[in-house]
Structures are given as structure tokens and as C-alpha cells.
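Thank you all for coming.

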Amino acid sequence: MGRNQCFDPDWNIPNPDNGALRHVHLYTGVTDVDGIETPHSHSVAGVTSQSIPCGGTHVHRLESNTDFFENHFHIIRNTTGPAVPVGGGRHVHEVRGVTSFVDGHDHKYIFATQIENPQGSF
């Protein structure tokens, strides 16, 4: 299955539980270093959408601003890759892409979401 096979350009996120988020992931990451006049990177953090069925697995959507550097920030808007098992019935998702283009540059990023339900409490 291709990485973006379940991508929906309209970002129609299903809501089967009437708003109750039952399967989300936290994420944190850092972009690569770029910048024309002042090389720098950005941090990003957030929470994904709930799971979206995709073939025999699922994906998540995410959208976030990076932190600020001098007078700018970038936007990350993406769909994760499919679930990657990490043992114990848990999984993560790969996220890779390019930020929005601001101040004459953009940044590449690649990171994994945190483990789904790490404490087994929900």
C-alpha cells in the first residue's frame, strides 16, 4: 500500500464516536537545518487525529505550527504512514514531509509518533 493511498485532500476525518477521541498519538519532532541567511531548525509537537481506516491498517492526520525562530514559523500538515508494530500490541506511525515555505525556505522533517496508549489506561 502506498504511503499516501489514504490521503484525502479535503481532510474529511471520520468521527464514529461522536467526538470522543479514543485512538490518538502524541508527537514531537525537529526539522532539518535550513535558512538562507541564518541556518536554523524548528521543533514541532502535537496530537494526531483519531485513527482513519486505511486498507488493513490505519493512519492519522496531523496539523501543527512549528516553534518560532526570529520572526517566523512554519506549518506542518500531513498524514502519517500506516501503523508500525513495536511489541506488546502497541504501535507507532512514521511522519515525513516538508514544512510550509516561509521567509524564502522550508524544512524537511521525519519522526515517529509516540506509542499509542503507552500506559494501557484507555
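Let me begin with a question: does F73 count as buried, exposed or partly exposed? F73 counts as partly exposed, because its relative accessibility is 28%, and the terms mean under 20% relative accessible area for buried, over 50% for exposed and anything in between for partly exposed, with a 1.4 Å probe and protein chains only.

Before going further, please keep in mind that this is a predicted model, in which local features need pLDDT of at least 70 and side-chain atom pairs count only at pLDDT 80 or more, while totals for chains, interfaces and linings use all residues. Residues are numbered from 1 along each chain as its sequence is written, and side-chain values use heavy atoms, with hydrogens and water left out.

As for the chain itself, its secondary structure comes to zero helices and nine strands, where helices (H or I, at least four residues) and strands (E, at least two) are DSSP runs numbered from the N terminus. Of its 122 residues, 34% count as buried.

Now to the rings. A pair of aromatic rings is described by the distance of the centres and the angle of the planes. Rings of Phe, Tyr and Trp (its six-membered ring) pair if their centres lie within 6.5 Å, and planes under 30 degrees apart count as stacked, over 60 as edge-to-face and the rest as tilted. A search of the whole structure finds three aromatic pairs. In one of them, Y27 and F111 have ring centres 5.8 Å apart and planes at 15 degrees, so this pair is stacked. The pair links distant parts of the chain, since Y27 lies in strand 1 (residues 26-30) and F111 in strand 9 (residues 108-112), 84 residues apart. Y27 is buried, with a relative accessible area of 1%, and F111 is buried as well, at 9%.

F73, where we started, pairs with F68: their ring centres are 5.0 Å apart and their planes stand at 65 degrees, so the pair is edge-to-face. F68 is exposed, with a relative accessible area of 60%.
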